[in-house]
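Student: I would like to learn how to read pockets and salt bridges in a protein model. Where do I start?

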Amino acid sequence: MRMNKVIRMAIPLALLAVTPLQAQDIALGFKGGINIAKQDLNVSGLTLNLDSRTGFVGGAFATIGLGTTLFLQPEALYSSKGFKIDVSEIIDGDVEASVKLDYLEIPVLIGARFDIADSPLRPSIYAGPSIGFKLSCNASGSVEGVTETDDCGDDFESVDFGLDFGASLAFELSSFDLILDGRYALGLTNAAKDATGDDSLKNRAWQFMVGFGFPLK
């Protein structure tokens, strides 16, 4: 009886002690910014310059503390990538062409954060795998001011695997964190369908975002 009474008293006390520690180690937030995207083209017998394309990237994230330094951060991001095609060496005149590839990307990042004594600043570094699900693809071309757009979804793979590497800087405010985030997204999948031999087309992007994190307390 005495042991049962001790256990009944210990369980609520343990829950009260552990729950605040867990809540302080979890934060939810959202972020948004720009992609400076380009694709790494390797096609035998073809000389074509691909220029970068700027698009939107943004979504939600959760940061889960794994001790005092390490953290796990899954994210769900809308990411608009693609490229512009430089045809100036092939065609004379006012000609523009671009491909817009939109993805739902899910990075799972492992990082380390560093506290600066007597400072609200908290820098972090991170890396991790990412999987992207193609939402849409549109190719557009403009010749002498006349523009045509076509769906190019069948020309690109529906899933894109990659690795993200980056760093962030959090400003700890009274009730939330203001976060500056910069990363490089390295695509590993050959995004072009029906590619032969060593031909490949892989996504690349610099991503710069501003976000807000809300610790669960």
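This is a predicted model: local features need pLDDT of at least 70, side-chain atom pairs count only at pLDDT 80 or more; totals for chains, interfaces and linings use all residues.

Student: How much space lies in the largest pocket?

Tutor: Rolling a probe the size of a water molecule over the atoms shows where empty space is left. Here the largest pocket holds about 650 Å³. Its lining has 33 residues, and R113, R122, E172, D177 and P215 lie nearest the centre.

Student: Which strand gives the most to the lining of the largest pocket?

Tutor: That is β6, with 4 residues. Several strands supply at least two residues each, among them β1 (26–42) and β10 (200–215). By class, the lining comprises 12 nonpolar, 12 polar and 9 charged residues.

Student: Is R113 buried or exposed?

Tutor: Buried means under 20% relative accessible area. R113 has 15% relative accessibility, so R113 counts as buried. R113 belongs to strand β5 (residues 95–113), and its contacts beyond four places in sequence include D25, F71 and R122.

Student: How many salt bridges does a search of the whole structure find?

Tutor: The search finds 11. In one of them, E75 pairs with K31, with the closest N and O atoms 3.0 Å apart. This pair links strand β4 to strand β1, across 44 residues. Both E75 and K31 are buried.

Student: What about D102 and K100?

Tutor: They form a salt bridge, with the closest N and O atoms 2.5 Å apart. D102 is buried, at 4% relative accessible area, whereas K100 at 28% counts as partly exposed. Elsewhere, salt bridges with shared partners join K31, E75, D164, D181 and R183 into one network.

Note on methods:
Residues are numbered from 1 along each chain as its sequence is written. Side-chain values use heavy atoms; hydrogens and water are left out. On a 1 Å grid over the protein atoms alone, a cavity is a set of points where a 1.4 Å probe fits but cannot get out, and a pocket is an open set with protein on both sides within 12 Å along at least five of seven lines; lining residues have an atom within 4 Å of a point. Grid points are joined across faces, edges and corners, and a volume is the space filled by probe spheres set on the points. Ala, Val, Leu, Ile, Met, Phe, Trp, Tyr, Cys and Pro count as nonpolar, Asp, Glu, Lys and Arg as charged, and the others, Gly among them, as polar. Buried means under 20% relative accessible area, exposed over 50%, partly exposed in between (1.4 Å probe, protein chains only). Contact means heavy atoms within 4.5 Å. A salt bridge is a side-chain nitrogen of Lys or Arg within 4 Å of a carboxyl oxygen of Asp or Glu.
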